[in-house]
Amino acid sequence: MIAIAGAKGGCGKTVTTLGLTEAFAREGTPAIAIDADRQLPNVHVAGGVDREPTLAMISTDTGSSDRTGDADGVDLRSIAQVSPRTTSAGIVPAPAPTDSLDLESVLGSLESETGQLLVDCPSGAGPDVVEPLSAADGVVVVTTDGDRSLKAAKTTVAMARRLGVRVLGVVVNRCSSVPPAIESWVDVPVLGVVPEAKSPLTDEATTSAYADVVETLRTRHVTDQTAVAYDDDRLSTGIVPLDRHLGGGLAPGSVLAVTAEPASQSEHLVYEATAPRGTLYLTTDRSADNVRRALETTTVDTGTPTIRRVTGDDRLEDATAFIEKLPTGATLVVDVMGPLERHDREAYVSFLNDLKDRLVETESIALLHCLEGAVSPEHRTATIHAADAVVAVESAPSVRESASGRELTIRKCRHERVSSAPIDLEGTDARANLHESTSASTTTRDAETPDQ
């Protein structure tokens, strides 16, 4: 289930909900647009259908054996009215303000077998928005290029993250290009730009734009039809204790930042990240030969990565060129980030955007090694902001008797609800488990390594 949201009224959420619903239907996926705005329902008006039946007809009776409806056989498909524009698209109006129902429970009871579900959320940032957002698998944020709309979109993104709801990206409505302000949002991908039109649900340019958004969602594996495979096919970071806390690893397309003091031996975690699959290892301070020797002599399991050194004033350009060659299903390591972070901010943010786009395109993951010194690199905050997960390597008073007395603490995890309790790196047979988890991939590792 995808929520369509935007705190600013009039940004085009309702039409975007209908446009994406009908775009899914036209490309072969039955889809239903659901109005969750009880106070100002408008999906039925914009969609050209009757005000009833509404979502209030769906029961969440605990005795029901069919999670798509109640024991009497009333389900979403039976009350959805057919869109007058696309026969495989359904429209379900919002309950009346006086209807007594738990909207979050009703939405949460709906099964994806019904088709692709898209929920039009109310405007604002109050409790009425929290209900549909909390029930969704992800949210698409809608905005125009107006300052107030852009500010409201940021509010929606922040709200979704507080609720632990994945931000799938932003749709820029009634525009011909992406506004510069949005281009700086390094961790919110732009899914598409929808031009101004008098009849956006039938205009050729706008319907084509909605189709492009749907294709982008499918490519990035964020629709209901691919969500299960996406979750089950997490990519191991190579750091076994961390993988356990993340439910098996990171989702493809994710960026992991590892922060640590220089004396923490965090480089061993970086080396472990090369073990599960083919890896591109970009080094900014050591020579490629020094990195290779370190990998050969370390006591942890490693892979045989492609190692490239990026130095000098052209570091960002060279790193971007190497990243553009990242193959499908790979790991990218950048060790260390400091020299890159000291470049011009605009160029550095652009680099982070390009890195994220390539990871999503290739279904790969990245580990960014961020050493903490007396003075933090100028653009470290941009790195942390762009990362999907941030873990800190710290001294561990509770495990002083272990080999290194180190713990990992998850400081940020954008798409998951995970414990912030410290993770003992040495006390859980991590090395043995690492060997077990990577042995199956060892025989194919060389074949998957990026081109030399």
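This is a predicted model: local features need pLDDT of at least 70, side-chain atom pairs count only at pLDDT 80 or more; totals for chains, interfaces and linings use all residues.
User: What is the omega of the peptide bond from Glu-52 to Pro-53?
Analyst: Pro-53 is placed in the loop between α2 (43–47) and α3 (76–79). Most peptide bonds are trans. The bond from Glu-52 to Pro-53 is cis, with omega near 5°.

User: Where is Val-336, and is the peptide bond from Asp-335 to Val-336 cis or trans?
Analyst: Val-336 is found in the loop between β12 (331–335) and α14 (338–341). The peptide bond that leads from Asp-335 to Val-336 has omega near 0°, and it is cis.

User: How many salt bridges does the chain have?
Analyst: Side chains of opposite charge can pair when their charged atoms come close. The cut-off here is a side-chain nitrogen of Lys or Arg within 4 Å of a carboxyl oxygen of Asp or Glu. By this rule the count comes to nine.

User: Which residue forms a salt bridge with Glu-131, and are the two buried or exposed?
Analyst: The closest N and O atoms of the pair are 3.8 Å apart, and the partner is Arg-38. The pair links distant parts of the chain, with Glu-131 in helix α5 (residues 127–135) and Arg-38 in the loop between β2 (31–35) and α2, 93 residues apart. Glu-131 and Arg-38 are both buried.

User: Why are Asp-289 and Arg-292 separated by about one helical turn?
Analyst: Asp-289 and Arg-292 form a salt bridge, with 3.0 Å between the closest N and O atoms. Asp-289 is partly exposed at a relative accessible area of 46%, and Arg-292 is partly exposed at 34%. The separation is about one helical turn because the two are three residues apart in helix α12 (residues 288–297).

User: What is the N to O distance in the salt bridge between Glu-341 and Arg-380?
Analyst: The side chains of Glu-341 and Arg-380 meet in a salt bridge, and the N to O distance is 2.7 Å. This pair joins distant parts of the chain, Glu-341 being in helix α14 and Arg-380 in helix α16 (residues 380–386), 39 residues apart. To return to the value asked for, the distance is 2.7 Å.

User: Which residues are joined with Glu-341 into one network of salt bridges, and is Glu-341 buried or exposed?
Analyst: The cut-off for buried is under 20% relative accessible area. Glu-341, at 0%, therefore counts as buried, and Arg-380, at 4%, also counts as buried. Salt bridges that share partners join Glu-341 into one network with Glu-372 and Arg-380.

User: Which residues gather in the patch of negative charge on the surface?
Analyst: One member, Asp-314, is found in the loop between β11 (306–309) and α13 (315–323). Asp-314 is partly exposed, with a relative accessible area of 46%. The patch is made up of Asp-313, Asp-314, Glu-317 and Asp-318.

User: What distance separates the C-alpha atoms of Asp-102 and Ala-56?
Analyst: Asp-102 is in the loop between β4 (89–92) and α4 (103–108). At 40% relative accessibility, Asp-102 counts as partly exposed. Asp-102 and Ala-56 are 46 residues apart along the chain, and their C-alpha atoms are separated by 9.4 Å.

User: What percentage of the residues in the chain is buried?
Analyst: The chain has 17 helices and 16 strands. Its accessible surface comes to about 19100 Å², with 48% of that belonging to carbon and sulfur atoms. Of the 452 residues, the buried ones make up 55%.

How values were computed:
Residues are numbered from 1 along each chain as its sequence is written. Side-chain values use heavy atoms; hydrogens and water are left out. Helices (H or I, at least four residues) and strands (E, at least two) are DSSP runs, numbered from the N terminus. Buried means under 20% relative accessible area, exposed over 50%, partly exposed in between (1.4 Å probe, protein chains only). Accessible areas come from the Shrake-Rupley method with a 1.4 Å probe; for residues, only the protein chains shown count as cover. Patches are made of residues with over 30% relative accessible area and no salt bridge: like charges are joined within 9 Å, nonpolar side chains (Val, Leu, Ile, Met, Phe, Trp, Tyr) within 5 Å. Lys and Arg count as positive and Asp and Glu as negative; His and the chain ends are not counted. The place of a charge is taken as NZ of Lys, CZ of Arg, CG of Asp or CD of Glu.
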